[in-house]
Amino acid sequence: MTASRVLVLNSGSSSVKYQLLDMADGSRLASGLVERIGEETSRIAHTPAGGAAEREQTGPVADHGAALKAVAAELAADGLGLDSPELAAVGHRVVHGGTRFTAPTVIDDEVLDEVRSLVPLAPLHNPANITGIEVARALRPDVPQVAVFDTAFHATMPEYAARYAIDAKVADELSIRRYGFHGTSHAYVSRATAALLGKAPQEVNVIVLHLGNGASASAVRGGVCVDTSMGLTPLEGLVMGTRSGDLDPAVVFHLARVGGLSVDEIDTLLNKRSGLLGLCGDNDMREVLRRAGEGDHAADTAFRAYVHRLKKYIGAYVAVLGRVDAVAFTAGVGENAAPVREAAVSGLEELGLAVDAGLNSVRSREPRLISPDHARVAVAVVPTDEELEIAAQTYELVTH
């Protein structure tokens with residue numbers, strides 16, 4: 001029997017998300033989350049396949065090693081233990097691959113050292129990703145461990161799109177360029193959108209709008225990313241839940257010189273106290289919409305700022321691509337907030353964009369078109385599946 005299971009791990013600073021998939025048919029065998037690692041109030045939530053009830057337990061989980069052992073125990077309780085010969089590989093989400101890693105990569109000591117060298121580019125994410133890799137390698141040293149990088153899908157951007165217009169020598173010395181993130185989501189959704197249109201990815205140009213608490217846009221020409229909104233870090237681009245997105249760089253100087261803020265305080269302000277949260281005090285789009293609907297001025301302004309930035313990127317990527325076959329909304333806000341989708345394309349009829357109010361109001365977990373019949377540009381809602389994308393890339397690498 002050929003091993004066909006892939007365990008996907010997404011290790012955060014205080015959490016581990018996981019899914020076990022069978023790549024023989026793409027089925028999800030189990031999924032779960034360990035959160036608040038290192039606290040007395042740690043929580044483990046495990047969901048078996050087949051509609052079985054979620055199992056939950058609370059209590060201290062000391063570190064990532066203990067978290068992954070807890071994951072192994074939960075899987076073993078379902079007869080899916082990590083010692084199974086059917087486990088083909090473990091796929092790890094790694095946020096930053098720099099310019100070195102532009103494709104899924106089997107992890108060895110040298111690769112791990114290079115991922116460590118990228119920590120300055122992703123100090124909040126890569127260290128946790130590395131910890132997850134180290135623990136998983138210790139648990140199953142005989143099974144291939146594969147890194148799938150958030151930045152990889154965007155590595156195809158032409159140099160003129162990836163470069164910042166600063167001193168080239170300084171940029172090269174410090175690895176300053178636009179890398180982009182959410183790459184597994186953009187890759188999955190751009191392909192799924194093509195499939196929804198009944199075409200091959202190479203035949204279509206797609207603007208993907210990944211709208212969650214973090215948000216990014218990409219311009220995908222014939223299956224290849226040619227531009228994306230996030231840059232050196234996930235701070236650039238769209239207005240997000242707690243991140244500012246695009247900003248005059250001199251705002252940073254002003255905050256330091258006039259406001260007296262330190263570099264760390266500015267970092268915290270722009271990453272954790274800005275975006276929707278900074279504008280109105282809420283980073284949950286559902287609450288922003290509720291308040292705006294009740295006439296709350298700050299929430300209304302936050303919503304309009306969010307949509308205004310989104311429209312600017314849609315228009316910019318129409319210009320970049322020249323021909324657009326579809327605009328696809330995905331992730332938590334993109335999949336569930338009909339008013340955001342409607343507002344984002346409102347007024348863009350000259351670009352061939354419109355939504356059908358009835359279709360837009362339907363809630364579904366299935367990929368679907370929400371544009372009117374015979375629209376020049378298809379508008380789609382395509383639920384993302386980053387774990388399946390990571391598993392598919394991992395499995396293809398270790399079996400071919």
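## Close-up views of a predicted model

View 1. Strands (E, at least two residues) and helices (H or I, at least four) are DSSP runs, numbered from the N terminus.

This is a predicted model, where local features need pLDDT of at least 70, side-chain atom pairs count only at pLDDT 80 or more, and totals for chains, interfaces and linings use all residues. Residues are numbered from 1 along each chain as its sequence is written, and side-chain values use heavy atoms, leaving out hydrogens and water.

**View 2. The strands that pair with S8.** Strands pair if DSSP finds at least two bridges between them. S6 and S8 run parallel, joined by 5 bridges, and Val-90 stands opposite Gln-145 in S8. Strand S7 (residues 105-106) runs antiparallel to S8 with 2 bridges; here Val-106 stands opposite Val-146.

**View 3. The lining of the largest cavity.** Val-90 and Gln-145 return here, among the lining residues, along with Leu-7, Leu-139 and Arg-140. Lining residues have an atom within 4 Å of a cavity point, on a 1 Å grid over the protein atoms alone where a 1.4 Å probe fits but cannot get out. Strand S1 (5-11), strand S6 (87-94) and helix H3 (126-139) each supply at least two lining residues.

Methods. 1 Å grid on protein atoms, 1.4 Å probe; cavity = no way out; pocket = protein on both sides within 12 Å on 5 of 7 lines; lining within 4 Å.
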